[in-house]
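Good morning, and thank you for joining.

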Amino acid sequence: AGIMLIVIAVMTGLLVLAYKYECKRLIHGWLFLSSLMLLFLFSYLYLSEVLKAYNLPMDYITLGIIIWNFGMMGMFSIYWKAPLMLQQAYLIFISALMALIFIKYLPNWTTWVVLAVISLWDLFAVLAPFGPLRILVET
């Protein structure tokens, strides 16, 4: 949990610096690549676990086409034009995927500690006078 807090703090600091020095292409690329990884890689990992759990056969070509269509639709709906409900559904799905990854690959107590640490970091980052997210909001 401590390592995750350090990574989140460093990444937030880098985001604030990129915004301060008007590196908007860097910020857009960062957000785009993280969404791309979440929609494609984590969707593949979760779907393959579901297929294994229910003992359903699927070839890699079909799986690739399904993941490609799902991921590209998500990228279009998040970063381009799509109905608001579809965009919100993809954003909720990304959040749920992150939660599922935490639940699957981290021990139970670590998930709760990470949740508490991230909550405390958010409070600090937004409410502290020198918090990085407060700096972003006031800029």
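Predicted model: local features only at pLDDT ≥ 70, side-chain atom pairs only at ≥ 80, totals over all residues.

Residues are numbered from 1 along each chain as its sequence is written, and side-chain values use heavy atoms, with hydrogens and water left out.

Let me begin with the overall picture. The protein chain has six helices and zero strands; helices (H or I, at least four residues) and strands (E, at least two) are DSSP runs, numbered from the N terminus. Along the sequence, the pattern reads α-α-α-α-α-α. Taken along the principal axes, the box filled by the C-alpha atoms is roughly 55 × 40 × 25 Å. Of the 139 residues in the protein chain, 22% are buried. Here, buried means under 20% relative accessible area, exposed over 50%, and partly exposed in between, with a 1.4 Å probe and protein chains only. Contact means heavy atoms within 4.5 Å. Among the contacts with a separation of 6 or more, 54% are between residues 24 or more positions apart.

I turn to helix H3. This helix covers residues 60-79, which is 20 residues. How far does H3 reach from its first C-alpha to its last? The span is 27 Å, close to the 28 Å expected at 1.5 Å a residue; the expected span is 1.5 Å times one less than the number of residues. Buried in H3 are Leu63, Ile67, Gly71, Gly74, Met75, Ser77 and Ile78. Helix H2 (24-53) and helix H4 (84-105) are included in what covers them.

Axes are lines fitted to C-alpha atoms, for helices over the stretch in contact, and angles run from 0 to 180 degrees between N-to-C directions. The crossing of H3 past H4 is left-handed, a term used if the near helix is turned anticlockwise from the far one by less than a right angle, with right-handed used if clockwise. On the H3 side, the contact is made by Phe70, Met73, Gly74, Ser77 and Ile78, and on the H4 side by Leu86, Gln87, Tyr90, Leu91, Phe93 and Ile94. By class, these are eight nonpolar, three polar and no charged residues. In this scheme Ala, Val, Leu, Ile, Met, Phe, Trp, Tyr, Cys and Pro count as nonpolar, Asp, Glu, Lys and Arg as charged, and the others, Gly among them, as polar.

H4 also meets H2. The axes of H2 and H4 come within 10 Å and cross at roughly 55°, so these two helices are oblique to each other. This crossing is left-handed. From H2, the residues are Leu38, Leu39, Phe42, Ser43, Tyr46 and Glu49; they meet Tyr90, Phe93, Ile94, Leu97, Met98, Leu100, Ile101 and Lys104 in H4. The classes here are 11 nonpolar, one polar and two charged.

The next pair is H1 and helix H5 (residues 108-127), whose axes come within 10 Å and cross at roughly 30°. The two are therefore roughly parallel to each other, and their crossing is right-handed. Met4, Leu5, Ile8, Ala9 and Thr12 of H1 make this contact with Val114, Val117, Ile118 and Trp121 of H5. Eight of the residues are nonpolar, one is polar and none is charged.

Now to single residues. Leaving out residues up to four places away in sequence, Thr12 touches Trp121, Pro132 and Leu133. Leu51, in helix H2, is also buried, at 13% relative accessibility. With the exclusion of residues up to four places away in sequence, Leu51 touches Leu56, Met58 and Leu63.

Finally, the loops. Glu22 lies in the loop between H1 and H2, and its phi is near 55°, a positive value in a residue other than glycine. Glu22 is exposed, at 64% relative accessibility. Asn55 is found in the loop between H2 and H3; phi of Asn55 is near 55°, again positive in a residue other than glycine. Asn55 counts as exposed because its relative accessible area is 69%.

Terms used. Parallel < 35°, antiparallel > 145°, perpendicular 65-115°, else oblique.
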